[in-house]
Amino acid sequence: MPRLALSDDFVADLISLQRPVQKEVNDAIQMFGSMTVPQLHASKGMHLEKLERARDPRIRTIRITKFYRGVLLAPDDSSELFTLLRVAPHDEAINWACKRAYSVNGATGALEVRNVEALEQMETYFETKSVATPARLFERHSDTVLRDLGIDDQVLRLARVCVTADDLTVMAPPMMPADQYEVLEYLAADYSVEDVWEQLIAPRGQTVRTAEDRPTVTLAEAILNTPNRIVEVTGPGELERILTEDLTRWRIFLHPAQRRYAYHPGFNGPSQVTGGPGTGKTVVALHRVRHLLRAGHDGDRILLTTFTNAMAAALRDSLALLLGEADAHLLERVDVTTVDSLAARVIRETRGRAPRPLSAAAEKSAWTRATAREELPWTEQFLSQEFRNVVLAQGLRTPEDYLRCVRRGRGTQVGRVQRARLWRVMERFTTDLASRDSATYTQLCDQAARVLADSGPRYRHVVVDEAQDLHPAQWRVLRACVSPQSDDIFLVGDPHQRIYDSRVSLRSLDIQVRGRSSRLRLNYRSTEEILRWSAALLDGQPVGRLGEDDDDDGGRDSLRGYRSELHGRIPAARGYASQDEELRALIEQIRTWIDHDGVKPSEVAVCGRFNTLVDTVITRLRREGIPAVAVKDDPGPGASGVRVATMHAMKGLEFRCVAVVGVASGVLPFAHQVTPAEVDAVQHQSDLLAEHCLLFVACTRARDALAISWSGQRSPMLDPVAD
Ligand SMILES: Nc1ncnc2c1ncn2[C@@H]1O[C@H](COP(=O)(O)OP(=O)(O)OP(=O)(O)O)[C@@H](O)[C@H]1O
């Protein structure tokens, strides 16, 4: 009987097909599995066909429906292992199949694919173009070194004619084999050969350094060596599961960099994965939880945290999906929640009830009350920041602690006398809140961390998503939840998406990730065009490394090597004379997405800086007959209608099409949110950066299309991407 494997491209095709065609694909696969290889070749219905013009002699097509063809890679050994590569309309399938060639990567032993025809054209083009330029991009590396890293003849010829990193980018996958491209990309970004070996080759199980000493890998072995792109269908149940359940590629195919950390056998302490938006950090966190659940003991409890309740609910659903029916019982051992909810629960359990959390407006009034009796030189904003970013951040308990502390992250000098006065005001603030049975969220966390420190750890593992926005008090809660040991804390986050004001030194909180830290670079969500455009918004912004704010050597993070294999239109940025005109253009844009591009209304999002704009947009869309719902009303995945949200509420979400509206000067950056430089220069910089990150977060939620607009004067934050 033939064996069957499915490639990630095939699964992606399948996801995009209409239900009836999906069913016919399923039927064809069932029929395929029920025949012997000779029957398969003889079957008229299947019509297994070799293509005359195909560059790879092992490529075949099969008939799925009158219009659709499947593209297969047939075995050239005795394995009888066929791989389904694509399913597409007839002409597209044939055209695609004729240009591809499959090969085994010399270093990783994995199967890889290239657009051989396009690469040949590139060779001719760049050979001519580079003739006059003697300096070449990879001249530091010998042919032998490159071959040892898996570079083959054709890619080597191409590498030798690259002059700049941009030349290489033109040949990015799916044109060039992905693994070889990644090696060249790392070398172009100045990673050492040793780094490339450690990060890209060794994790795939290769131990032999020199290409010529490695044994030959057969096609069937290569297929099984490629779990990040190919899955073998091992039984009828498996096939059903892959084809009939909600098709989500992330459950099956992980990038090697994702798999390496998600399924690491055991970290000797806290570990961390960072990466730009859409690089699959949440996916890694989910797989890590699955690994820890499967590898752990019955009594081991896991805490999985994220930033908002809505995100926690989505994370719980995704985890259930990943675990499937077979592992559904393991879910009982996981708490999926926000740190704030956990803190409130801890306090409730200990004291019978928890203080009511304070809204931002109520907090401002409380500071006004605390300062009412004195003439003070500080604004409510300054006091609130001092309390949150110094006192609660450092967990200070007494006036002496405050007198002695180093006020990291604050740009103003505050002498001894002033500190004593400040402490009195802060005391009045906390006493007043306590009398009203209320507290800020950060206070709740500060209190919960103390309770937990006394009562002892509650979990065996803690897995943290959206780590970049946690406050030190929240980190103390997490640290106290689990005792320091192997695999205690696994965190994922992106400092480029930090939109709340928290300075954190993980090291000082006894969360040391040095040597157990990895970065993801491949974006699975957005097109390369959206990515480049959005990344340019942060050009020159001083983004620090995750959790290293106060460390002496805390350096800059960067989006170096961040890329996508998807392509689409360049984002549109347009200004209008009035808001009315802007909203009219928005309606037109949404109609084009829905009516012309076939996007469902629920796959479209509109976002703006403020809630008032959200309300205006919803009213206007409804008036024009376009269904619209506010994300803050938690519409759930089944609800129809365009999603409308503030930029903050876009965190963690994704949509096929996103319109970011009202990106005008005075709105972004929003002056009220940015501490004036004369009040505190350091805080000013960090508030400004958070505004830049906010726009970046909003734009990077888009998968296929992104439209930015404003009325009046354009926001200066768009200057880096302006025409
Ligand atoms: N290995 C994979 N194969 C296919 N799709 C993937 C893979 N990993 C992630 N994705 C998809 O990419 C998208 C982004 O993934 P995810 O939300 O985990 O990224 P993220 O890094 O947490 O994003 P952000 O930081 O922007 O919130 C999702 O649609 C996810 O399903």
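The model is predicted: local features need pLDDT of at least 70, side-chain atom pairs count only at pLDDT 80 or more, and totals for chains, interfaces and linings use all residues. Residues are numbered from 1 along each chain as its sequence is written.

The chain has 26 helices and 24 strands, taken as DSSP runs numbered from the N terminus (helices H or I, at least four residues; strands E, at least two). Its radius of gyration is 28 Å, close to the 27 Å that the globule rule gives for 723 residues, so the chain is as compact as a globular protein of that length. That radius is taken over C-alpha atoms, and the rule is 2.2 Å times the number of residues to the power 0.38.

An unreviewed UniProt entry lists residues 254-534 as "domain: UvrD-like helicase ATP-binding"; such annotations may be inferred rather than shown by experiment, and positions follow the numbering used here, with feature names shortened. This span is 48% helix and 12% strand, and its end C-alpha atoms lie 25 Å apart.

Around the ligand stand 21 residues, the closest being Pro 277, Gly 280, Lys 281, Thr 282 and Tyr 524; a residue is near if its C-beta atom, placed from the backbone, lies within 6 Å. Helix α14 (residues 281-295) gives the largest share of this shell, three residues.

In helices α9 (residues 178-188) and α10 (residues 193-201), Glu 182, Val 183, Tyr 186 and Leu 187 of α9 meet Asp 195, Val 196 and Leu 200 of α10, where contact requires C-beta atoms, placed from the backbone, within 7 Å.

How values were computed
Contact = placed C-beta atoms within 7 Å.
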